[in-house]
Amino acid sequence: MTDGDDTSAPAIQASGLRYAYPDGTPAVDGVDVSVARGERVALLGPNGAGKSTLLQLLGGLIEPDEGTVRYFGETADADAVRDRLSVLTQNPADYLFNPTVREDLAYGPAQQDLPDGEADARVERVADRLDLDELLSKPPFRLSGGQQRRAALASALTVEPDALLLDEPVSDVDAANRETVLALLDELTDAGVTLVVSTPDTELVPRVADRVVLLDGDGRVAATGPTREVLTDTALLTDCDLRPPQVVRLFDGLTDDPPLTVEAARDRLGDDT
Ligand SMILES: Nc1ncnc2c1ncn2[C@@H]1O[C@H](COP(=O)(O)OP(=O)(O)O)[C@@H](O)[C@H]1O
Ligand SMILES: [Mg+2]
C-alpha cells in the first residue's frame, strides 16, 4: 500500500525528536515514541521533564528542531489529520475563546462538514457525558479551573478524533468529576481511540495507560515499558524524582505482584478474606 490508510501503521510514530526553546533551554533531547492504534500511553516525568513539549511535538503544534513525526502511517503533516487527532495542551483557556461554552464545543464540528443537526447532537452528547449541561450557556472565562479543563476536553471530543493527546487532563479536576472524565476516557479507548496522556502523577498512570514512556529530568526517555513494570521499579522512578503509587509502596515486600490502584488492592484483599 503506497498511500491511503495503512491500519497496521502506528497512530503516531516519532523518531529522533529534539526541541530547544528560543532561550536555549533543551526541552526534548533525542526522543523516539511510537504509539500503536488504540494504545493507551502515558508520558510520565517530573516537572520540567519535557512532557508538555513532547506532547506538542507529537500533536504537531510545534515543529521539532530535529526528527520526524508520522501520523497513521500516512503523512508527516499534522494539519492533514487535524480532524482525526485532538490535542489538548496544559492551558484549557487556549481552547475556550467563544462567547459561550456551547459555541466552544461546537467550534470543531463546525469545520467538519457534518450532516444537519450532527454538530448540535455531539455537543449535547459530550456535555451530558461530562456533566457540563448547566455550563453550556456560560462565558468560559466565568468557569473555575477544573470546569474549564472539562470544557476544553469536551471541545476536543466533539470532533470525535481517532487519537487523543491530553496534557494533565485531570490535574485540577475534583474527585467526582475526575472519575467522570476517566470513565469517559475508558469508553473512548474501548471504542478504539488512541490515547496519550502526560502526567507527573504515578497514581493516575494505571488508570489511563497500559504503557509508560518515562522521561528523565533532561528531556530524554529514561525507560519505556508496560505500566506495571515501570510503576513497580522504585529505583528507576526515584532516579526521575518520582515515587511508585501509594498502594505499590504499601504492598512493598509483601508480594512480588503488588496492585497498582486502590481498587485493585481492595479486590485482592476481598479475595483473601
Ligand atoms: N516557552 C518556554 N521558553 C523557555 N523554556 C521553556 C518554555 N516552556 C518550557 N520551557 C522549559 O522546557 C523544559 C521542559 O518543559 P515542559 O515541556 O513544560 O516540561 P513538563 O511538561 O514535563 O513539566 C523545562 O525546563 C521548562 O522550564
Ligand atoms: Mg507540563
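This is a predicted model: local features need pLDDT of at least 70, side-chain atom pairs count only at pLDDT 80 or more; totals for chains, interfaces and linings use all residues.
Figure 1. Because Ser52 lies in helix H1 (residues 51–58) and Gln90 in the loop between S5 and helix H2 (101–110), the pair ties together parts that are 38 residues apart in sequence. Helices (H or I, at least four residues) and strands (E, at least two) are DSSP runs, numbered from the N terminus. Ser52 is buried, at a relative accessible area of 19%. Gln90 is partly exposed, at 38% relative accessibility. Buried means under 20% relative accessible area, exposed over 50%, and partly exposed in between (1.4 Å probe, protein chains only). Residues are numbered from 1 along each chain as its sequence is written, and chains are lettered from A and ligands numbered from 1 in the order in which they are written.

Figure 2. How many of the eight residues of H1 are buried? Eight of the eight are, so H1 is largely enclosed by the rest of the structure. The buried residues are Lys51, Ser52, Thr53, Leu54, Leu55, Gln56, Leu57 and Leu58. An α-helix has 3.6 residues a turn, so residues three or four places apart point the same way. Just after H1, Gly60 takes a positive phi of about 70 degrees.

**Figure 3. Glu39 in the loop between S2 and S3.** Glu39 sits in the loop between strand S2 (26–35) and strand S3 (40–44). Glu39 is buried, with 18% relative accessible area. Its side chain reaches the backbone nitrogen of Ala36 at 2.9 Å. A polar contact is a pair of N or O atoms within 3.5 Å; within protein, one must be able to donate a hydrogen and the other to accept it, and residues adjacent in sequence count only if both atoms are side-chain atoms. Leaving aside residues up to four places away in sequence, Glu39 touches Ser34, Val193, Thr194, Leu195 and Arg211. Contact means heavy atoms within 4.5 Å. Ala11 is 28 residues from Glu39 along the chain, and their C-alpha atoms are separated by 8.7 Å.

**Figure 4. Salt bridge between Arg40 and Asp186.** The closest N and O atoms of Arg40 and Asp186 are 3.7 Å apart in this salt bridge. The pair links distant parts of the chain: Arg40 is in strand S3 and Asp186 in helix H5 (residues 175–190), 146 residues apart. A salt bridge is a side-chain nitrogen of Lys or Arg within 4 Å of a carboxyl oxygen of Asp or Glu. By this rule the count comes to 18 salt bridges. Is Arg40 buried or exposed? Arg40 is buried, at 13% relative accessibility. Asp186 is partly exposed, at 30% relative accessibility.

**Figure 5. Further salt bridges.** Glu74 pairs with Arg84 in a salt bridge, the closest N and O atoms lying 3.1 Å apart. Both residues are in the loop between strand S4 (66–71) and strand S5 (85–88), 10 residues apart. Glu74 is partly exposed, with a relative accessible area of 30%. Arg84 is buried, at 18%. Glu118 and Arg125 also meet through their side chains in a salt bridge (3.9 Å, N to O). Glu118 is partly exposed at 23% relative accessibility. Arg125 is partly exposed at 43%. Salt bridges that share partners join Arg18, Asp29, Glu66 and Arg220 into one network.

**Figure 6. Thr202 in the loop between S7 and H6.** Thr202 is found between strand S7 (194–199) and helix H6 (205–208). Thr202 is buried, at 7% relative accessibility. Which backbone oxygen does the side chain of Thr202 reach? That of Arg243, at 2.8 Å. Beyond residues up to four places away in sequence, Thr202 touches Leu44, Leu231, Leu242, Arg243, Pro244 and Pro245.

**Figure 7. Gln246 in helix H9.** Gln246 lies in helix H9 (residues 246–250). Gln246 is exposed, at 55% relative accessibility. Leu132 is 114 residues from Gln246 in sequence and 32 Å away in space, C-alpha to C-alpha.

How values were computed: Side-chain values use heavy atoms; hydrogens and water are left out.
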